[in-house]
Amino acid sequence: MQVTLQTLVGGLSLGAIYALVALGFSLVYRTMGLVNFAHADVVMTGAYVASTFSLTARLPFALATAVAIAVTGLIGLVIERVLRPLENKDFDLMLIGTIGFGIVLQSVAILIWGTTGRAVPSPVQTAPLSVGGIRIRTYDLVVMAVAAVAVVLLMLFLQRTKRGTAMQAVAMDHEAATAVGIHVGRSNAAAFAIGAGLAALAGALVGPLLFVSPTMGGSLGIKGFAAAILGGFGSIPGAIVGGLAIGVLDSFAAGHFQGYSEMVVFLVFTAIIMVRPTGIFGERTVSRA
Amino acid sequence: MRYRLAALASLAVFAIWLPYGVGSYTIHVLDVGLVFALLAVGMGLAMGVAGQINLAQVAFFGAGAYVTAILTTKSGYGFWTAGAIAVAVSAVLGLLVGIPALRMQSHYLGIVTLGLALAFLNWITNAEVAGGADGISAIPVPPLFGVDLSSDYLYYYLELAAFAVALAFGLFVVHTSLGRRLRAMRDDALAASAVGAQIPLLRMTAFLVAGSYAGIAGVLYAGLIRFVAPETFSLANMFLLLAMVIIGGRQSLVGCVVGAIGLTLIREKLVDFATYAQLSYGIVVVLMVVFAPTGLAGVPARLRSIVDRRRRGGGAAAPELAAFQPLAPSTVDLPADRPALEARGVSKRFRGLKALDGVSLAVRAGDIHGIVGPNGSGKTTLFNVVSGFYRPSAGAVLISGQPAGRAGPYQRSLSGVARTFQNLRLFRTLTVRENILVALDRTRTRWIWRYPLWPVSVVRAERDLGRRAAELLDTFGLAGFAAALPGSLPYGTQRRIELARAMAGAPRLLLLDEPAAGLNGEEARQLARMVRSIRDSGVTVVLIEHNMGLVMSLCDRVTVLASGAVIADGTPAEVAAAPAVIEAYLGDAELSEEMAP
């Protein structure tokens, strides 16, 4: 029991990160039907920028994260602009195009930061809390809190602001949205920038948990993507639930299967998705039949 | 053709002479390039030809190499025995990874296959039998009748032979029955199943082929390098392979080969600037996707179309639609007592919405039967139930007195039901002739065992299909467009192609969904003539149509649907006088506006 709970707590903190990654995927997917395979490498870029500014420039962690969000937001705008001719047209080509961008981001990261990678010290140095015999790292709590705040802010933005509502409208029907005077291109660009910003936040937060390297996006991004699919592609609550589920699955697999955890995670994921391809909450987008 | 043969011959001579002209390092790079070319051909077949996003190709490759390595170094098998087992294992792995493709497509499939590739990578980095991160070294040199294959020069010829056979087989598949069905499935899986393609089996075939090619590549790689380690099968190499296929042109196998060998050579030239090389091929992939989605292989066709357009402006006439040649009338008496199509209390519910509500109707054999009704009255849903796309929530469909049961669209097509679609569903990257050929092909998918085992019979069947396609194109006056892509033709012509495609399956029952939509007066008259001739040749025709003039003049009987239920049934005159119909139709304009989604 003790061990189970301990694993669960560890899984939830990593799960919060996956949820952030999945949110970025889903936000971009639902607004423009673009599956952004470069998202994983945007996370990696975010992790590097944040760690560089906090380690080298000695900025406070929060400020470094903000810089990372701004930088990746710009990258998001560039990706969206280049791939705009393909939006809502050829699904498979867009997918491959974003993979191309992923390759570019990775090689740029190698050019700037080298291939070796770096360990990022935790910004919170207090001793772990002990609740009912379970040791909880304070940083895990920070991660979960930040992720929760980000989710709440995103929901408020989408539901309470004019731009957010416009984004929802574009998600439902981009032609009708154009007809009522919404600038679809601008709205898509904003969605892409926000998605990339969420990726940077995830990257900054995951830095102290994992090792930051140019290839860290690979498994992190695919798990985030898996989380989005598991929850129901394009669904915001789905991304959160899917993220936490993958995090917990990851943590239990690591506990029981050690080195083989990744294999177990993906096999289990494949099995679940075979049974229910639309995920827990069902795909929430315009039908693209 | 003669130019092609000459080009092929000179290419073969060049490939055979090549080792004499290059140094030992270059030949090694070429050997690696050929392995990647094999991988790329397999990937092109699955992704470009069959449209299955397969991002696990590198894992199939790894399986081939690792099984060879393990069996030769740990179990004491000979190289070729181990290699044969390895190819079989890769093929089976391909099938297993392909299973998710039965349930999902596109990006879902991409992420699942990528996840499974990571799972494989995770296994080889950890498993003791696979040597962990160190991999397996000291794989024996493959023996070959005393030929010393430890020489990269001699190994080149072995690879070249294997590659030539594999490429020839791939091209053979693409340009014959199986490849046409795969391409049709890529363009429009729904329409492909309506003309008799068994989609699930075809998807599995695509993965099986991808797995087999990767397996062969893996065995050759193991024999060439004689050392395997996890980093060769990493995601970075998966994306490199993807770049090769995209830059070369995923829909052309030759393009894939050019991409693979070209990128291997460039990567070796830039080996000291590996990161810049990676950066530039990433950029090239992005540019290719946006500006040249068909890759290098598509460039000649694009240039040709530009030249053609210039010339067309200069006055060369476009081919014209020829007249329809009436079909031979049937001499067989149709059974009058047994309806060709019968629906018994068919209902179809979509969550809350009831699209069909207890529809019963009978279509007499040899009739032209009209189905009319306001928008949203369930006409197309009824067609979808009859042709097997939807399973009815209640009730049964009988075709020629036989319960259709749970038979899927392809089975119904093979048993004699053909249909057209409301918004044209032609295979857009197949020529008009190929569109017809796909539907003419009545073989079951399991017939593909002939491809590896008895290819001669494939060639023979192909010749026969070609002859019948020419006849059919003549009958429908389409001979002038045989080599054109449907998308480049006028709308009325496309409608006629779809009709010809439906008739290619020699159906007993033909379902036409709004065949006159978008046709001008003359085209509609031609359509009526064709439909009558088709009926006279012994085919029962059911048509959904909004053009009431056409329905009244053409149909023997008419069924009227409103809100998913039958409100009238009888001869056109009877139906036109029925009060319920008048009510439904007088309210039509308002109704359809209110009911529009």
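**Reading a two-chain predicted model**

Visitor: Which residues touch the most other members of the largest nonpolar core?
Guide: A:A19, B:L39, B:A40, B:A117, B:L241 and B:M244, in a core of 282 residues. The model is predicted: local features need pLDDT of at least 70, side-chain atom pairs count only at pLDDT 80 or more, and totals for chains, interfaces and linings use all residues. Residues are numbered from 1 along each chain as its sequence is written, chains are lettered from A and ligands numbered from 1 in the order written.

Visitor: What makes a set of residues a nonpolar core?
Guide: Its members are buried Ala, Val, Leu, Ile, Met, Phe, Trp, Tyr and Cys, joined through C-beta atoms within 7 Å. Buried means 20 or more other C-beta atoms within 10 Å of a residue's own, with C-beta atoms placed from the backbone.

Visitor: Why does this core lie between two domains of chain B?
Guide: Domain 1 (19–300) and domain 2 (341–416 + 507–595) of chain B both give residues to the core, so it lies between them. The bounds come from an automatic or database domain assignment.

Visitor: Which residues does A:A19 touch?
Guide: Leaving out residues up to four places away in sequence, A:A19 touches A:A147, A:A227, A:A239, A:I240, A:G243 and A:L244. Contact means C-beta atoms, placed from the backbone, within 7 Å.

Visitor: How many residues does each chain give to the contact?
Guide: Chain A gives 37 residues and chain B gives 33 residues. On the side of chain A that touches chain B, α4(A) gives the most, with 15 residues.

Visitor: Why is strand β11 of chain B called largely enclosed?
Guide: 6 of the 6 residues of β11(B) (residues 557–562) are buried, so the rest of the structure largely encloses this strand. B:R557, B:T559 and B:L561 point one way, B:V558, B:V560 and B:A562 the other. A strand here is a DSSP run of E, at least two residues, numbered from the N terminus.

Visitor: How do you know which strands pair with β11(B)?
Guide: Pairing needs at least two bridges found by DSSP. β5(B) (residues 368–372) has 4 bridges to β11(B) and runs parallel. B:I371 partners B:T559 there. β12(B) (residues 565–570) has 5 bridges to β11(B) and runs antiparallel. Here B:V560 partners B:A568. Both counts meet the cut-off, so both strands pair with β11(B).

Visitor: Which residue takes a positive phi in the hairpin of β11(B) and β12(B)?
Guide: B:S563, near 45°, in a hairpin with 2 residues between the strands.

Definitions and conventions:
Contact = placed C-beta atoms within 7 Å. Buried ≥ 20, exposed ≤ 12 C-beta atoms within 10 Å, placed from the backbone.
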